[in-house]
Amino acid sequence: MKKTMRCAGALATLLLSSTLAFAGSELFPGISTGIPLGAPLPEGVYLITIPTYGTRTTSPNVDLFAAAPAWLIWSTPWTIAGGRVVFDTVTPYVDLSVRGGPHYSGFGNTLVEAQLKWDLGGGFYGGFQAGAHLPVKSDVGHDWTAFQGVAALSYLKDGWDLSATAAYGTGHTGPTGGPDWFNLDLTATRKFGKVEVGAVAFASADLSSPYTGYSRQSQIALGGLVGYDFGPVNVQMKVTTDVSQTNYGGRDTRVWANIVMPLWNPKPADRAVVAKN
C-alpha cells in the first residue's frame with residue numbers, strides 16, 4: 001500500500017484546460033487532492049488516469065467531463081542533492097456542454113514537466129516541480145504557452161496522508177487569454193489495511209486580469225474520499241462541492257477518480273548465492 005501511494009505521489013500535475021467554463025487555473029482546482037505529491041516515486045514508469053465529471057449551477061447549468069487518459073510518468077534513477085528526478089507528460093481530454101446551448105470537446109494543451117522530490121525523514125516528504133503547457137488550436141485549449149510551478153509537502157506515517165500542494169501559473173493578456181492563478185489542494189486521509197477514508201479541500205483564485213472588464217474568479221470546495229488498494233492498482237474516489245465562489249455564476253459539484261498503475265519497475269538486483277559447506 002505504501003509503495004502504491006508513493007506511485008500516486010508521482011502524480012505531478014494534471015493539466016485540464018479551463019478556458020471555457022473555469023477561466024483561470026490551468027491546473028484543474030482540486031486535482032491533486034488525495035495524492036501525496038510531496039512523496040518521491042520509486043524508479044520506474046507509471047500510468048495515471050484521472051477522470052472527473054461535474055455540474056456548475058450557472059444559468060443555464062454547465063456540465064464538464066475531463067480526463068487524463070494516459071498520464072505518463074518516468075521516475076528516473078537519477079538524484080540531485082538527494083532528490084529524485086522525475087519527468088512527466090499528459091494531454092487532457094475535455095468535454096464541456098452548456099445545457100440548451102453549445103457543446104465543446106477535444107484534447108487540450110499538452111503539459112511537459114520536471115520534478116524533484118525528497119524524503120525529509122520522520123514521515124515527511126517534499127518537493128518542487130515546474131513545467132509548461134504547450135499551445136494548441138482546439139475548442140478546449142489555447143494557442144499560447146503557459147508556465148507553472150508547484151510546491152508540495154506530505155506527511156505519510158502510521159497510515160496517515162496529510163498533504164498540501166500549492167501551484168502558481170502564468171496567464172496571457174488579450175481577449176482569448178487567461179489570468180495568472182493560484183491553487184491550494186489539501187488532503188487528510190487515513191488507511192485501514194487496504195481501505196482509505198478521509199477529507200479533501202481545495203481553493204483557487206485568479207491573480208490578474210487578462211483584459212479590461214474581466215471578473216476575477218475564486219472558489220473554495222470541500223469533500224470526502226474513499227480509496228482501495230487492489231495490489232498493483234490503487235483507486236481513490238472523491239466527491240467535492242463548492243462552499244463559496246466568486247464570479248463563477250454558480251457552485252460546482254463533481255465526482256473524481258484517481259487511478260494509479262505502475263507499468264515498469266527495475267528488477268531488484270539478484271542476491272549473491274553463497275554455497276553452504
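Predicted model: local features only at pLDDT ≥ 70, side-chain atom pairs only at ≥ 80, totals over all residues.
Strands, like helices, are taken here as DSSP runs, a strand being a run of E of at least two residues, and they are numbered from the N terminus. Most peptide bonds are trans, and most residues other than glycine have a negative phi.

Two further loops carry backbone angles worth a look. Ala 81, in the loop between β2 and β3, has a positive phi of about 50° although it is not a glycine. With a relative accessibility of 74%, Ala 81 counts as exposed, because the cut-off for that class is over 50%. Asp 158 also has a positive phi, about 55°, and is likewise not a glycine. Its place is the loop that runs between β8 (146-157) and β9 (160-169). Asp 158 is exposed too, at a relative accessible area of 59%.

Turning to the overall make-up, the protein contains 1 helix and 14 strands. Of its 277 residues, 48% count as buried. When contacts between residues at least 6 apart in sequence are considered, 59% of them join residues at least 24 apart. The protein exposes about 12,200 Å², and 64% of this area is supplied by carbon and sulfur atoms.

The strands toward the end of the numbering can be followed one after another. Strand β12 (residues 218-229) runs antiparallel to strand β13 (residues 234-246), and 12 bridges join the two. Within this pairing, Gly 223 has Thr 240 of β13 as its bridge partner. β12 and β13 form a hairpin with 4 residues between them, and Gly 231 in the turn shows a positive phi of about 110°. On to the next partner: β13 is also joined to strand β14 (residues 252-264), here by 8 bridges and again in an antiparallel arrangement. In this pairing, Asn 234 stands opposite Val 260 of β14. The hairpin of β13 and β14 has 5 residues between its strands, and Asn 247 takes a positive phi near 65° there.

The largest nonpolar core has 26 residues, of which Ile 31, Ile 48, Trp 71 and Ile 73 touch the most other members. Two or more residues each are given to this core by β1 (44-56), β2 (62-80), β3 (83-90), β4 (93-98) and β14. The largest share, 6 residues, comes from β2.

In one of them, the ring centres of Trp 74 and Phe 87 are 6.0 Å apart and the planes stand at 35°, so the pair is tilted. Trp 74 belongs to strand β2 and Phe 87 to strand β3, so the pair ties together parts that are 13 residues apart in sequence. Trp 74 counts as partly exposed at 35% relative accessibility, and Phe 87 is partly exposed with a relative accessible area of 34%. In another pair, the rings of Tyr 93 and Phe 107 have centres 5.4 Å apart and planes at 70°, so this pair is edge-to-face. Tyr 93 lies in strand β4 and Phe 107 in strand β5 (residues 103-107), 14 residues apart, and the pair links these distant parts of the chain. Tyr 93 is partly exposed at 26% relative accessibility, and Phe 107 is partly exposed at 47%.

Ring pairs also join Phe 28, Phe 202 and Trp 256 into a cluster. Trp 256 has a charged neighbour as well: the charged end of Lys 238 sits over its ring, 4.7 Å from the centre. A further charge-over-ring arrangement involves Arg 56, which lies over the face of Tyr 248 at 4.2 Å from the ring centre.

Key: Residues numbered from 1 in each chain as written. Heavy atoms only, no water. Pairing = 2+ DSSP bridges. Core = buried A, V, L, I, M, F, W, Y, C linked by side-chain atoms within 4.5 Å. Buried < 20%, exposed > 50% of the residue type's maximum accessible area, 1.4 Å probe, protein only. Contact = heavy atoms within 4.5 Å. Areas by Shrake-Rupley, 256 points an atom, 1.4 Å probe, with all protein chains shown as cover. Phe/Tyr/Trp six-rings, centres within 6.5 Å; stacked < 30°, edge-to-face > 60°. Lys NZ or Arg CZ within 6 Å of the ring centre and 35° of its normal.
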